[in-house]
Amino acid sequence: MIKLQFDRETLLAKLKLPYTILPKKPSMIAHEQFLFKVTGGVAEITSTDGQKQITVSCDTTKCDGDIQFTIPGRLLYSTLG
């Protein structure tokens, strides 16, 4: 298992813009997800609404390896909030 850690405030600040394009009532489950691609301690976080895509990067505070995963946007925000 890979351990991944972020500074909470930094991550929340980086997610503000990508979160704005997540649809309130998605027609497809993929349209309410954040895609995380972590390579070399830097995470690229992508969101899409089917027409627009926003990708931001955020440094991790701890990362044991490279990983790629998705997480529902609202779940991520409720976890961080």
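Predicted model: local features only at pLDDT ≥ 70, side-chain atom pairs only at ≥ 80, totals over all residues.
Q: Which residues have the most contacts inside the largest nonpolar core?
A: Leu11, Leu15, Phe34, Phe36, Ile45 and Leu76 have the most contacts there, in a core of 17 residues.

Q: Let us take helix 1. What is its span from first C-alpha to last?
A: Helix 1 reaches 18 Å over its 13 residues, close to the 18 Å expected at 1.5 Å a residue.

Q: Where does helix 1 bend?
A: The bend, of about 30 degrees, is at Lys14. A proline, Pro18, follows within four residues.

Q: Which residues of that helix are buried?
A: Leu11, Leu12, Leu15 and Pro18 are buried in helix 1. The cover over the buried residues of this helix includes strand 2, strand 3, strand 4 and helix 2.

Q: Changing topic: how many aromatic pairs does a search of the whole structure find?
A: The search finds two aromatic pairs. In one of them, the ring centres of Phe36 and Phe69 are 4.9 Å apart and the planes are at 5 degrees, so this pair counts as stacked.

Q: Which parts does that pair tie together?
A: Phe36 belongs to strand 2 and Phe69 to strand 6 (residues 67-72), so the pair ties together parts that are 33 residues apart in sequence.

Q: Is Phe36 buried or exposed?
A: Phe36 is buried, at a relative accessible area of 2%. Phe69, by contrast, counts as partly exposed, because its relative accessibility is 28%.

Q: Which residues do the ring pairs link into a cluster?
A: The cluster consists of Phe6, Phe36 and Phe69.

Q: Now Thr46: what does its side chain make a polar contact with?
A: The partner is the side chain of Thr55, at 2.9 Å. Thr46 itself is in strand 3 and is buried, since its relative accessible area of 15% falls under the 20% limit.

Q: What else does Thr46 touch?
A: Not counting residues up to four places away in sequence, Thr46 touches Gln33, Phe34, Leu35, Gln53, Ile54 and Thr55.

Q: Gln33 is on that list. Where is its place?
A: Gln33 is in strand 2. Gln33 is also buried, with a relative accessible area of 15%. Beyond its neighbours within four places in sequence, Gln33 is in contact with Leu22, Thr46, Ser47, Thr70, Ile71, Pro72 and Gly73.

Q: What about Ser57: which residues does it touch?
A: Ser57, in strand 4, touches Lys14, Val42, Ala43 and Glu44, leaving out residues up to four places away in sequence. Lys14 is also where helix 1 bends. Ser57 is partly exposed, with a relative accessible area of 40%.

Q: How many residues apart in sequence are Ser57 and Ile45?
A: They are 12 residues apart in sequence, and their C-alpha atoms are 6.0 Å apart in space.

Q: Finally, where does Ile21 lie?
A: Ile21 lies in the loop between helix 1 and strand 2, and Ile21 is buried at 11% relative accessible area. Apart from neighbours within four places in sequence, its contacts are Ser47, Thr48, Asp49, Lys52, Gln53 and Ile54.

Q: What distance separates the C-alpha atoms of Ile21 and Gly50?
A: The separation is 9.6 Å, for residues that are 29 apart along the chain.

Key. Residues numbered from 1 in each chain as written. Heavy atoms only, no water. Core = buried A, V, L, I, M, F, W, Y, C linked by side-chain atoms within 4.5 Å. Buried < 20%, exposed > 50% of the residue type's maximum accessible area, 1.4 Å probe, protein only. Phe/Tyr/Trp six-rings, centres within 6.5 Å; stacked < 30°, edge-to-face > 60°. Helix = DSSP H or I, 4+ residues; strand = E, 2+ residues; numbered from the N terminus. Expected span 1.5 Å × (residues − 1). Bend = angle between axes of the 7 residues up to and from the residue. Contact = heavy atoms within 4.5 Å. Polar contact = N/O pair within 3.5 Å; in protein donor to acceptor, adjacent residues only side chain to side chain.
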